[in-house]
Amino acid sequence: MIALYELKGKNDRRYSLFSWRTRMALRHKGLEFRSIPVRLSDKAAIEFSGGKTVPVIKDQDTVVRDSWKIAEHLESRYPDAPPLFGGDIGRGVTQAFNTWTDRAVVPAMLQVIAADIHERVHADDEDYFRQTMEKVLKHTLEESRARRDASVLQLGRVLAPMQEALKRQAFMAGPQAAYADYILFSVLQWARVMSPRELLGPEDPLCRWRERMLDLFDGFARNVPTA
């Protein structure tokens, strides 16, 4: 069975957005895995991977770190399972979408939910998270909370193209979900797990798409601890 090393928050939350990409990719491929929770500040637990961040998988004798590299590994190692990308062209487009999501959507979401995340990380990680995030945000978590309304509007502007795309198709990848969907879904699942604030209205195409994503794999992503 594949071992997945991922972050553990309060109440046994699995809150790494990048681990959620791997979680959904593993389910897409029909692969069983066991979750090995690690604390954000415990770098020794994943030192064997050669890096300091999750997700990390151990797949028999192979260790892979980084959600994109894990997806590529799963695609090449399990070619007879449902494809994540849909061929070389699909892989290239998905990698471009992965980069855009990481550079545009993730920072916009972080501005909205950073203070909420701090309240739900493992108690031993609270100081580490604050110190790390305030360097990234360039202001305090309290200031982040005070700026939330403006940050929500900015997030809406960033997500607007995806709202339009989902008016015309059921999933980011087309008629069926694939890795491009898991990339974007991971950001919204991050918020769902760590923030009590609902950021989508029922009329939003993204909201309806998120519900479809939550229903995948017998409700795998729906049936987890949330805020």
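**Charged and aromatic side chains in the model**

The side chains of Arg 120 and Glu 119 come together in a salt bridge, 3.3 Å from N to O, where a salt bridge is a side-chain nitrogen of Lys or Arg within 4 Å of a carboxyl oxygen of Asp or Glu. This is a predicted model, so to speak, with local features needing pLDDT of at least 70, side-chain atom pairs counting only at pLDDT 80 or more, and totals for chains, interfaces and linings using all residues. Residues are numbered from 1 along each chain as its sequence is written, and side-chain values use heavy atoms, with hydrogens and water left out.

Back to that pair: Arg 120 counts as buried at 15% relative accessibility, while Glu 119 is partly exposed at 40%. The cut-offs here are under 20% relative accessible area for buried, over 50% for exposed, and partly exposed in between (1.4 Å probe, protein chains only). Both residues also belong to a network of salt bridges that links Asp 116, Glu 119, Arg 120, Arg 145 and Arg 148. By the same rule, the count comes to 21 salt bridges.

Arg 23 and Glu 6 supply another one, with their side chains meeting at 2.9 Å, N to O. Arg 23 lies in helix H1 and Glu 6 in strand S1 (residues 2-7), so this pair ties together parts that are 17 residues apart in sequence. Helices (H or I, at least four residues) and strands (E, at least two) are DSSP runs, numbered from the N terminus. Arg 23 and Glu 6 are both buried.

Arg 21 is buried, at a relative accessible area of 0%, whereas Asp 102 is partly exposed at 25%. The Arg 21 side chain also makes a polar contact with the side chain of Ser 186 at 2.9 Å; a polar contact is a pair of N or O atoms within 3.5 Å, and within protein one must be able to donate a hydrogen and the other to accept it, with residues adjacent in sequence counting only if both atoms are side-chain atoms. Setting aside residues up to four places away in sequence, Arg 21 touches several others, including Ser 67, Asn 98, Tyr 179 and Tyr 182 (contact means heavy atoms within 4.5 Å).

As for the rings, a search of the whole structure finds 10 aromatic pairs. Rings of Phe, Tyr and Trp (its six-membered ring) pair if their centres lie within 6.5 Å, and planes under 30 degrees apart count as stacked, over 60 as edge-to-face and the rest as tilted. Phe 33 and Phe 220 form an edge-to-face pair, 6.3 Å centre to centre with 85° between the planes. Phe 33 lies in strand S2 (residues 33-38) and Phe 220 in the segment after helix H8 (205-219), so the pair ties together parts 187 residues apart in sequence. Phe 33 is buried at 11%, and Phe 220 counts as buried at 15%. Elsewhere, ring pairs link Trp 68, Phe 85, Tyr 179, Tyr 182 and Phe 217 into a cluster.
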